[in-house]
Amino acid sequence: MPRVSWILLLAVVLAVVLLLLPTVYPNDFALTILTFANIFAVVAASWDFFTGLTGRFNFGQALFFGIGAYAAGFMNLDLRYGPLLTIPLAGAVAVVIGVAFGYPTLRLKGPYFALATLIFPLIAGDLTFSLSSVFGGEHGLYGLTSISDSYVVQYYGSLLMMLITIIILIYLASSRFGLALESIRDDERAASAAGMNVTRYKLIAYMISAFFTGMAGAYQAQLFKFVGPTTFSSNISFEVIAMTIIGGIATIVGPVLGAYLLVTVLDGLGISSDQSILVYGVLLMIIVLAFPGGLLGRLKSNLRAMRIRRLMGGRPDAT
Amino acid sequence: MGDIVVFEILVFGGLLGAVFALLSLGFSLSYGVARILNLAHGSFYMLGGYLYYAFFVLSGINSAASLVLAVAVMFILGIGFYLAIIRPVRSSPVRVLLITLSAAVVLQEIVTLVLGNRNVGEPNIIGGISSPLGVVVENQEILAAGVSLAMFVAVWLFIRMTKVGKAVQAVAQDGEAASLMGINNTRISALTVGLSAATAGLAGIMLGPLMGIAPDSWLNATVIAFAVVILGGLGSVPGTFLAAFVVSYSQIFVGFEISAGYEIIIPLAVIAVAVLVRPKGLLGKVEE
Amino acid sequence: METRRSGMARSAAIAVLVVIVVAAVAGFASYYYVSTAPPTTTTSVSTSVSTAVTTQTSVSTAISTQTSISTSISTATKTVTKNTTQPIIFGILGPLTDVTGIDEKDGAQLAVAEINAHGGVLGRPLELVYEDTQEANPTIPVDVGLAAMNRIVTVDHAQVIIGGERSDVVLAEEAQLPIYKVPYLDTGAADTTLGQNVLSNYSLYKYFFMVSPVNSTALATGLITYYATLRYTNASLTNVYILAEDIAVWHALVPVLQYELPTFGYKIVGTTYFPYGTSDFSTQLSAVRSSGAQIICILAAGQDSVQLIQQWATLQVPAVPIGIDVASESPTFWGQTNGDAKYETIEVGIGDTGTPINTIGANFYANFSKYYDTLPIYTADGAYESVYIAAQAIEKAGTTNGTALIPYLEQTNITGPDGVVRFDRSHNVIYNPDFTKGAALAMVQWTGYNQYTCVWPTPPATKPLARPPWM
């Protein structure tokens, strides 16, 4: 009986369902909700790739999101690049600027790094608000061009972005690189003593996380045709943490599930944002207290199993 | 004109620093004793102010009783917070960060749902103005500084002099050894968090009329406490005291000399610089 | 043997994934190219509009004379005999847990009740639906508002949207309107960019109309006019210190003030921007005191003014705050500042002074206080007027089709609590110091518990500006 990895199976089933959805249930509202969910899924999965694998808590994922969004906005307005071009380019910009923030802080110990990540988006948000001549202040950047006005196109676009992101991240997470990151999480001193350049690995993971999140920010910018200082909001940072923890940290697919669950249930039911943050927070607390691995916590070992099987040439008894 | 500004910086920075010291004391103790970084520390500040508002403005209880009541409730709340929320995840610093952050957000939303998201407008405990050194200052600010200073010293003496306080020191120095000697680590940690909630809440009651209390006040308060404690050294009480004034003076100085626009950036910048240059802090003695 | 099979399963899974991605790309590409084909429906819309117009002559003659709104609607319903009971749906899109959103809801409900009591619109009752954007909370991101807007159109089927308060949210909502093709009547955001968008890209932004308040340029004009009149009644107040939040809308206004005020004999003794969300004003108020200012020209859109005013009063700074303070327009401001708001003088729409300027306003006040036990703020006036504006446009157009309504909305000419509402080419309500010619502004000064009195213009002002006792 072939041992099919649960992660891949789940991913495949999810992907098929999502792809066929507009043909089965072409409801505009549902498609919009799922588009939002896809954007958040990308951000959450990128967060999980960094924090889940390296164990370094990043409390400010919104930094990359906002950088990507503003970069896309500027490229669209000033350079007249179309959205299909700005999305990947914005990801690149998020990496560059993210590294500028990340490089000095990545070598710091856990709580110091966590605190730094908490305040960076606050500073960025403040700056975009006060340097209003450059960033538009509270107006932000508006009048951006979008890929299409059709709900269906936007849905498929976001879905494509999400699927590509997940595939790449799962591949990286189950590779030797992912193994190296997890060894940092498990015992950084041992890894460093074994000769690994710990900071460089963390930096690369950080850059990957920044890239995809920046892309997601750019996607939202063209969807809303607008970018404002609230794209750096700590709400976003907090929500993706909640989605990942609830779905299952260090699984890459868990955050997608968490994102879908929370966005569709809360936005779909029209629960006001205050109450939905309350729900996120309470759920998060319950999960942290009761289920350390999240709903898909079992899958964490599956990621490891996948990797070991690949690296050991597929010998099942290696697990 | 230049003279007045110097005195203004002196007076405002000093008064604010005293309150920052009280606010940050609990955060420092929580780390030193219970080994936790409580991101919800600012929530204690916020809740203290709201409790006072609820007792004094909404229920009509007199001012002094409201204050004592609010601080007492915060103490009990802190103990409960430790036992119910922090203790189960104490072993993992990352989970502590996560759960305290979630708790802070949840508390913010609950307060918003109950009392709205606008600044409630806590009234001054004492009104009027005075002019120390020729600088016009609200009496509320002088009261805040005085009470904060007194409370800080009281807690410091408590830790130094009393039997319970010495147990606190023992746990801070070496938790395992302390429990081997018969000290109940859980009880001491709960007491410490209760104390930090009470002191942060008092700071909120004192500073609330001046700075305003809104459901999102916790973030700013946590950032300031974090800045002070990182600068002064996690777990060092004298370091906290010193650093509080460094932060407050920097903030006031920037506000007067450079631009009022950049005051808020100061504690953030302090954290950034301290973290990069001297992660152990000015007088840091507890290793991470 | 097991190795090869699990290896095959793995390859199969990867192959399936690749197929799915390819299919996704193909599906995306095909829909994209299909959906960007040019639309072919413009001609049918214009023919339906012209037939609607020819059957509505009795309504339009009633409206062209400035009679009260409710009577014109009732005469219309008597002549038109459409017989459906399917309701017409208006959507209220705003911060429903904040006083601004609550007033949008209440003002709209009042108007809907009145219209339905007179037979509804086109013989059909009006119905309201509500979605909360949370925009009163400055940290809530824009996507919350956009999701709410999406719900109100696609799920609640609103045919007209009324609401809005925070500029960035309303700007983002404005950009989405061409997708929904639903008219949006703004009751709270004053940003001039909203109207500029209409001018620069009419076909996309034409669905947007700013009903209340007047845009920020007009707000500045009104304020300057008041300052000019003060020179005659309070000649000793000459030194002005401008204290503004550091946001784009004030950045546009302050230079205008700095230019105009000295022409009336004022001396600007200082200008300071403070960051949005400042809570400690000791440095700024010290500077005001030492500058010798007698007036603080306060410009605030957020909650910072609560602390600013509280500190101003406690420190007894010898200057009167006269300016624009949105937080202060709410009746809760007195409680929030524990009475320190006394003597603060702020600009409001002329319908919010507490003293009505026309019969419509009088009825509006009376009913609003009766049903909601409080005085209305600017969003209530705006929502009330918006319901009537939309109802009237639908009557004249004979249809609820959003695009068809635009020309009728543009012809709006009604009298409301704020004066006369007409739109200019940028779809902004036209400001006029005379409330019989346009929407007018007033200055009110806090005098007591949840109470302010109008100090300008006369009428309806009855009292002059008072100075705090420590001046």
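Predicted model: local features only at pLDDT ≥ 70, side-chain atom pairs only at ≥ 80, totals over all residues.
As for salt bridges between chain A and chain B, the count is zero.

## A look at chain B

Chain B has eleven helices and two strands. Walk along its sequence and the pattern goes α-α-α-α-β-β-α-α-α-α-α-α-α. Of the 288 residues in chain B, 59% are buried.

Take the contacts in chain B between residues at least 6 apart in sequence: 76% of them join residues at least 24 apart. The accessible surface of chain B comes to about 10,600 Å², with 68% of it belonging to carbon and sulfur atoms.

## A nonpolar patch on the outside

Chain B also has a nonpolar patch on the surface, formed by B:Val57, B:Leu58, B:Ile110, B:Leu113, B:Val114 and B:Leu115, with about 500 Å² of accessible area together. Two elements of chain B give two or more residues each to this patch: helix H2 (41-58) and helix H4 (93-115).

Which element gives the most to the nonpolar patch? That would be H4(B), with four residues. B:Leu115 is found in helix H4 of chain B, and B:Leu115 counts as partly exposed because its relative accessibility is 33%, falling between the 20% cut-off for buried and the 50% cut-off for exposed.

In soluble globular proteins, nonpolar side chains tend to be buried together. Here, the largest nonpolar core has 299 residues, and A:Phe49 and C:Phe90 are the ones with the most contacts inside it. Apart from that core lies another one of 35 residues, including C:Phe274, C:Ala300, C:Val306 and C:Tyr343.

What does C:Phe90 touch, once its neighbours within four places in sequence are left aside? Among its contacts are C:Leu126, C:Leu128, C:Val129, C:Ala158, C:Val160 and C:Ile162, as well as C:Val387 and C:Ile394. C:Glu127 is on that list too.

## Charged pairs

Side chains of opposite charge can pair when their charged atoms come close. Over all chains, a search of the whole structure finds five salt bridges. One of them sits in chain A, where the side chains of A:Lys225 and A:Asp149 meet at 3.4 Å, N to O. This pair links distant parts of the chain, 76 residues apart: A:Lys225 is in the loop between helix H10 and strand S2, and A:Asp149 is in the loop between strand S1 and helix H7. A:Lys225 is buried, at 11% relative accessible area, while A:Asp149 is partly exposed, at 39%.

Another salt bridge pairs C:Asp98 with B:Arg118, with the closest N and O atoms 2.9 Å apart. C:Asp98 lies in a loop of chain C and B:Arg118 in a loop of chain B, so the pair joins two chains. C:Asp98 is buried at 4% relative accessibility, and B:Arg118 counts as buried at 18%.

Then there is C:Arg166 with C:Asp168, whose closest N and O atoms are 2.7 Å apart in their salt bridge. Are these two buried or exposed? C:Arg166 counts as buried at 14% relative accessibility, and C:Asp168 counts as buried at 4%.

Technical notes. Residues numbered from 1 in each chain as written. Chains lettered and ligands numbered in written order. Heavy atoms only, no water. Patch = residues over 30% accessible without salt bridge, like charges linked within 9 Å, V, L, I, M, F, W, Y side chains within 5 Å. Areas by Shrake-Rupley, 256 points an atom, 1.4 Å probe, with all protein chains shown as cover. Salt bridge = Lys/Arg side-chain N within 4 Å of Asp/Glu carboxyl O. Buried < 20%, exposed > 50% of the residue type's maximum accessible area, 1.4 Å probe, protein only. Core = buried A, V, L, I, M, F, W, Y, C linked by side-chain atoms within 4.5 Å. Contact = heavy atoms within 4.5 Å.
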